[in-house]
Amino acid sequence: MPAPTPALTVAIEDWPLSAPFVISRGVKTSARVVVATITTENGVGRGECVPYARYGETAEGVVEAIQTCGVPGSREDLCRRLPPGAARNALDCALWDLEAKASGRDAASLASLKAFQPVETCFTLSLGTADSMAAAAAAVPQLNLLKLKLGGAGDDLRMTAVRKARPDARLVADANEAWTPDLLVPLLSAAAEAGIELIEQPLPAGNDSALAAIKRPVPVCADESAHVAADVACLADRYDAVNIKLDKAGGLTEALAMASAAEAHGLDIMVGCMVATSLAMAPALILASRARWVDLDGPLLLARDRGHGLDIRDGWINRPDPRLWGGGWST
């Protein structure tokens, strides 16, 4: 008797945020995610993605792409069927989850991560006035690693104010492509004076060559400029680090390849996320042991998380519940 045909279901979910989330490109009040579920005789695999409006993705378009693709025969088959992006991420992560359950091994060991250690995640402060961002930083004294969303003009005041409010904290910042070439040198200087550890994507993707021509007093991280492993080599002259996000890369499979490419070119790694539930964070957490900075605070920004969500205490992510995704982590 032939094995049952794998079943695929896709759902759009909306998760309210605890407060509006502001970046240079707009405001969010909820996280709209797409969850792909593959059911076979060996178990159920789930993957969550966030359609990225910056690249023209919508939840409805991602659902259609997943349904058109169907259940791939393997992760390699998936890479042939779908381009990098949110749709491929959801299916790729569902396949990892399913393989872990079918093999009796956890996804972390399948990815050659043999033990889990708690990791500290950034906590993101929405873009606002210097005073409001300083107040937000002071309101979370238990969190040591803060990430500032920046917006261009006035970012020197924002960084200085947050540093004054939290002289004890580690700070990184994300400009979300909002700086211009004339702001680059003075704002990097202000970042250095404020003790910022890293600046993400100060210039627009495709218009970032000025970074190669200046001395960078603060490490600069590619985000929108780096999607997949093949992007990394041409960025090594202008960036010091790469932000790997599963929704850009198209899943954990490509993200692992991207991490290897970054390491081969001497670039540090940040593992990042979109605002989403713990189901989207768990696969990305596999990269954390290879990352200098971990930014997987999506669930902390939600009004509520899904069941068996990540245990994050004072900014530290503890061992995931094996029921969340991928069977947890080996001891």
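The side chain of E76 makes a polar contact with the side chain of S74, at 3.4 Å; a polar contact is a pair of N or O atoms within 3.5 Å, where within protein one must be able to donate a hydrogen and the other to accept it, and residues adjacent in sequence count only if both atoms are side-chain atoms. The model is predicted, so local features need pLDDT of at least 70 and side-chain atom pairs count only at pLDDT 80 or more, while totals for chains, interfaces and linings use all residues. Residues are numbered from 1 along each chain as its sequence is written, and side-chain values use heavy atoms, with hydrogens and water left out.

**E76**

- E76 is found in helix α2, residues 75-81; helices (H or I, at least four residues) and strands (E, at least two) are DSSP runs numbered from the N terminus.
- The relative accessible area of E76 is 48%, which makes E76 partly exposed; the classes are buried under 20%, exposed over 50% and partly exposed in between, with a 1.4 Å probe and protein chains only.
- E76 and D237 are 161 residues apart along the chain, and their C-alpha atoms are separated by 31 Å.

**R166 and helix α6**

- R166 sits in the loop between α6 (155-165) and β7 (170-174).
- With a relative accessible area of 3%, R166 is buried.
- The side chain of R166 reaches the backbone oxygen of L143 at 2.8 Å.
- Leaving aside neighbours within four places in sequence, R166 is in contact (heavy atoms within 4.5 Å) with A137, A138, V140, P141, L143, N144 and L146.
- The residues D155, R158, M159, A161, V162 and R163 of α6 are buried.
- The cover over the buried residues of α6 includes β5, α5, β6, β7, α7 (181-193) and β8 (196-200).

**D321**

- D321 lies in the segment after β14 (316-317).
- A polar atom of the D321 side chain lies 2.8 Å from the backbone nitrogen of R323.
- D321 and G307 are 14 residues apart in sequence, with a C-alpha to C-alpha separation of 9.8 Å.

**Nonpolar cores**

- In soluble globular proteins, nonpolar side chains tend to be buried together.
- The largest nonpolar core has 89 residues, and I199 and W325 touch the most other members; such a core is a set of buried Ala, Val, Leu, Ile, Met, Phe, Trp, Tyr and Cys residues joined through side-chain atoms within 4.5 Å.
- Helix α9 (residues 252-264) gives the most to this core, with seven residues.
- Apart from this core lies another, of 19 residues, with I38, C49, L91 and A94 among them.
- Not counting residues up to four places away in sequence, I199 touches L150, M159, A173, W179, L188, A191, V218, P219, V220 and C221.

- The volume of the largest pocket is about 550 Å³; grid points are joined across faces, edges and corners, and a volume is the space filled by probe spheres set on the points.
- The largest pocket is lined by 28 residues, of which F21, I23, K28, Y52 and M274 are the closest to its centre.
- β1 (7-23), β2 (26-40) and β6 (145-149) each supply at least two residues of this lining, and β2 gives the most, with five.
- By class, the lining of the largest pocket has 12 nonpolar, six polar and 10 charged residues; Ala, Val, Leu, Ile, Met, Phe, Trp, Tyr, Cys and Pro count as nonpolar, Asp, Glu, Lys and Arg as charged, and the others, Gly among them, as polar.
- The second largest pocket holds about 210 Å³ of space.
- Of the 16 residues that line the second largest pocket, A19, P20, T124, S126 and L301 lie nearest its centre.
- β1 gives the most to the lining of the second largest pocket, with five residues.
- The lining of the second largest pocket has 11 nonpolar, five polar and no charged residues.

**Cavity**

- One cavity of 30 Å³ or more is found in a search of the whole structure, and the largest cavity has a volume of about 90 Å³.
- Residues that line the largest cavity include N89, K245, D247, C273, M274 and M281.
- α10 (278-285) and α8 (246-249) each supply at least two lining residues, and α10 gives the most, with three.
- The cavity lining has seven nonpolar, two polar and two charged residues.

Conventions:
1 Å grid on protein atoms, 1.4 Å probe; cavity = no way out; pocket = protein on both sides within 12 Å on 5 of 7 lines; lining within 4 Å.
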